[in-house]
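Let's take a friendly walk through this structure, one region at a time. Have the model open beside you as you read.

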Amino acid sequence: MTARSAGPIRRAAQRFAMNRQALLGLAILAPILTCVVTYDLWWGFGPNDIDLLSINRGPTAAHPMGSDGVGRDVLARLMQGGRTSLMVAVISVAISTAIGFLVGAFAAFGGKFADAGLMRFVDLAMTLPPVIFLLVLASIAGTGIGPTIIVIALLSWPVLSRMVRARLLELRERDFVVAAKGMGAGVPHLLLRHGLPNCIDIIVVYATLQVANAILLEAGLSFLGLGIAPPESSWGNMLNAARSGTVLEQYPWQWMFPGGALVVTVLAINFIGDGLRDAFDPRSGLN
Amino acid sequence: MFVDVRNLSKHFAPTGFSRGPTVRAVEDVSFGIPRGKVVGLVGESGSGKTTIGRSVLRLIEPTSGEVRIDGTDIRVLSAAELRKARQRMQYVFQDPYASLSPRMTIGQILTEGMDIQKLGTKADRRRKAAEVLALVEMPEDALNRYPHEFSGGQRQRIGLARALALEPEFIVADEPVSALDVSIQAQVINLMRDLQLRLGLTMLFISHDLAVVEYICDTVVVLYLGRVMEIAPAADLYAHPQHPYTRALLSAIPSPDPEKRKQRQILTGDIPSPSSPPSGCVFRTRCPMAASECAVVNPAMKSAGEGHFYACLRV
């Protein structure tokens, strides 16, 4: 047996590795992720440890990013906030990707009526103004990590379900899928062996870019006081705490670091997402 | 008859909010294939060849008519029964680039049917895949490679191997060589003929190339606008074509003899739209022998010897 030759996924990975911008994104994101995930192993302060001797202090050796109004270490809160923000983003995107794929798959394979019904439902979901919808949902679901995840997940699946449906409708008529049907394949086989692998590019790119989007949504919700509530920290509610004019003018480290972390992370994820898109579609680089 | 097609019709009606005429792609087609024989379907583009091929395997639902394979009418089978029955009948596609999934290795492609039908163990399936690959004269190391690494002719042979992996008794081959270079065509056709004889396959062979059909088929069905114009044993059809359409098709085969070339009948115009077919005989609008009665009477099948039938009022 000879070794298996490079498949479409591996060739996409090779193209990704040639993309400088995507690698830059990866180079930025990887250390951020590592720090955020492991900070409690090497950083002495917890996110809610109060140091009464250092309230609203600028960066010092003990608190390299300064401390906030109740004497909490900004660096520790930034790490914990990143953990919350990224966790909320990743879980909500996983949920919305699953919903989006399933709705798209049912629409494409469930027959005319399922298709028409589901797509009208998607239309409805898409016409809801996102901010208002978020506010209403958040006021029903409440604040905290769980509700925030649900709110973001429920908002972001319709676009993916449309893309998945379009891809599957096209795929359904392709000869190799007709061949599978001709060999007796049922819908589960068609979806798992042909549908999912041929949607993987859409899903990966969508999920990556949506993670960046979800981080911003979470930050926006928390900034409005509807997302993650203190004392739990997230990048959004750290910015929220820094809303007052005094903090803005006199204690810039309290909002600059979370703001910067937010911008850099979202940018890095977007770079990676763009790189993945180009890697999965080699033609996109040609025009 | 191992495969018996009776009064098969397929009409494509506009669905939902779309408007437009009903397209009568196939109208009242009947023919049979004895076990181990090859029947050729010929006709120009739009004559309903592929529609018939797919209807016979119920890859699309026929509008009316009967398709019996080894005695069972596949049109009345339940979904589960049909799935089981699919093991015995396979389809070979025209386009070797579209018929293999770009995301699966050749090994995965060849074992897919056995996975679906849950035949044997994983090792059995792998062994069978290697076996059919050898049958189509491809090296075994192809199993771990992807379709994009192969040429059109090689892919077509892989498509054939996929069909054979389920050990079917009946194969519908839809223009299996029309997308290939002429030199590769001969190679693939020879392989198909050889396998058909060796494995005793019953085959419906769809083509627009009469030279290819003559070589591989026992009986030929000539189609025009979804209707049968003439059915005859291959040798008889080429020696004594009855229907004017068949004659025109045969005279269009390139010939090195300049004398023959002079007698060539060239059909003018295009095939009429199947959504508004001509009245009476559908071929009359392009027929050199058409008379006024052709517009009124729908010609019935006439016999011209053993197993030779044609539908023309004027011959």
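This is a predicted model: local features need pLDDT of at least 70, side-chain atom pairs count only at pLDDT 80 or more; totals for chains, interfaces and linings use all residues.

In chain B, eight strands form an open sheet with mixed pairing, in the order 6-7-8-3-9-10-12-11. Strand 6 and strand 11 (302–303) of chain B each have a single partner strand, so they stand at the edges with one side lacking a neighbour in the sheet. At the strand 11 end, two bridges join strand 11 of chain B to strand 12 (residues 309–310) of chain B, and these strands run antiparallel. B:Ser303 has B:Phe309, in strand 12 of chain B, as its bridge partner.

Next, look at the loop between helix 2 (79–85) and strand 6 (89–92) of chain B, where you will find B:Arg88. Is this residue buried, exposed or partly exposed? B:Arg88 has 16 C-beta neighbours inside 10 Å, so it counts as partly exposed. Leaving aside residues up to four places away in sequence, B:Arg88 touches B:Pro168, B:Glu169 and B:Phe170. Although B:Arg88 and B:Pro168 are 80 residues apart along the chain, their C-alpha atoms are separated by 4.1 Å.

From here we can turn to where the chains meet. There, 28 residues of chain B are in contact with 23 residues of chain A. On the chain B side, helix 2, strand 6 and helix 3 (106–117) each supply at least two residues, and helix 3 of chain B gives the most, with four. By class, the chain B side divides into 10 nonpolar, eight polar and 10 charged residues.

Our last stop is in chain A, where the axes of helix 2 (residues 20–42) and helix 11 (residues 253–280) come within 8 Å and cross at roughly 140°. These two helices of chain A are therefore oblique to each other, and their crossing is left-handed. Among the residues making the contact are A:Leu24 and A:Ile28 of helix 2 and A:Ala268 and A:Ile272 of helix 11. The contact between these helices of chain A has 11 nonpolar, four polar and one charged residues.

Note on methods. Residues are numbered from 1 along each chain as its sequence is written. Chains are lettered from A and ligands numbered from 1 in the order in which they are written. A residue is buried if 20 or more other C-beta atoms lie within 10 Å of its own, exposed if 12 or fewer, and partly exposed in between; C-beta atoms are placed from the backbone. Two residues are in contact if their C-beta atoms, placed from the backbone, lie within 7 Å. Axes are lines fitted to C-alpha atoms, for helices over the stretch in contact, and angles run from 0 to 180 degrees between N-to-C directions. Angles under 35 degrees count as roughly parallel, over 145 as roughly antiparallel, 65 to 115 as roughly perpendicular and the rest as oblique. A crossing is left-handed if the near helix is turned anticlockwise from the far one by less than a right angle, and right-handed if clockwise. Ala, Val, Leu, Ile, Met, Phe, Trp, Tyr, Cys and Pro count as nonpolar, Asp, Glu, Lys and Arg as charged, and the others, Gly among them, as polar. Two strands pair if DSSP finds at least two bridges between them.
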